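Please look at the model first.

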Amino acid sequence: VQLQAFGGGLVQPRGSLRLSCAGSERTLTMAWFRQAPGKDREFVAAIRGSEGSTHYTDSVKGRFTISRDNAKNTVYLQMNSLKPEDTAVYYCAAGRPILSALTMPGIYYYWGQGTQVTVSS
């Protein structure tokens, strides 16, 4: 599995961006993490391969939506109402974590390169 993330950029506060991660595999759980300068890598969202349930960190609930198109082997992260604190490098990841380990980056087998998201006026 080779993942490639793209779609980042510079956006003003309250704006939107859609990130894409090509190379997903339908049986794997796909996730997005982010890492701001000087901070640990943080779980953002995941969509499970087994039954398609979605999971989000509290700070993005209601603003971000993760989805997948299995025909295109692509996972998306639609980000709305962006805030400056969303600024980070965003990474997509794939693996088979159990539900209780969904937010743990060390559990994921495969990683894409990061894509920078900057929210600034």
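Q: In which strand does Ala22 lie?
A: The model discussed here is predicted. Ala22 is part of a strand, namely β3.

Q: Is Ala22 buried, partly exposed or exposed?
A: The relative accessible area of Ala22 is 25%. Buried requires under 20% and exposed over 50%. Because 25% falls between these limits, Ala22 is partly exposed.

Q: Which residue stands opposite Ala22 of β3?
A: Strand β3 covers residues 17–22 and pairs with β1, residues 4–6, in the antiparallel sense over 3 bridges. Ala22 also touches residues including Leu3 and Phe6. The residue opposite Ala22 is Gln4.

Q: How many Å apart are Ala22 and Leu3, C-alpha to C-alpha?
A: In sequence, Ala22 and Leu3 are 19 residues apart. Leu3 is among the residues that Ala22 touches. Their C-alpha to C-alpha separation is 5.6 Å.

Q: Which residue in β8 is the bridge partner of Arg18?
A: Strand β3 pairs with strand β8, residues 74–79, in the antiparallel sense over 6 bridges. Within β8, the partner of Arg18 is Gln78.

Q: Which residue forms a disulfide with Cys21?
A: The structure holds 1 disulfide. The pair links distant parts of the chain, from Cys21 in strand β3 to a cysteine in strand β9 (residues 88–95), 71 residues apart. The sulfur atoms are 2.2 Å apart, and the link is right-handed, with 65° about the S-S bond. The partner of Cys21 is Cys92.

Q: Are Cys21 and Cys92 buried or exposed?
A: Buried means under 20% relative accessible area. Cys21 and Cys92 are both buried.

Conventions: Residues numbered from 1 in each chain as written. Predicted model: local features only at pLDDT ≥ 70, side-chain atom pairs only at ≥ 80, totals over all residues. Heavy atoms only, no water. Pairing = 2+ DSSP bridges. Helix = DSSP H or I, 4+ residues; strand = E, 2+ residues; numbered from the N terminus. Disulfide = S-S within 2.5 Å. Buried < 20%, exposed > 50% of the residue type's maximum accessible area, 1.4 Å probe, protein only. Contact = heavy atoms within 4.5 Å. Lists of a residue's contacts leave out its neighbours within four places in sequence.
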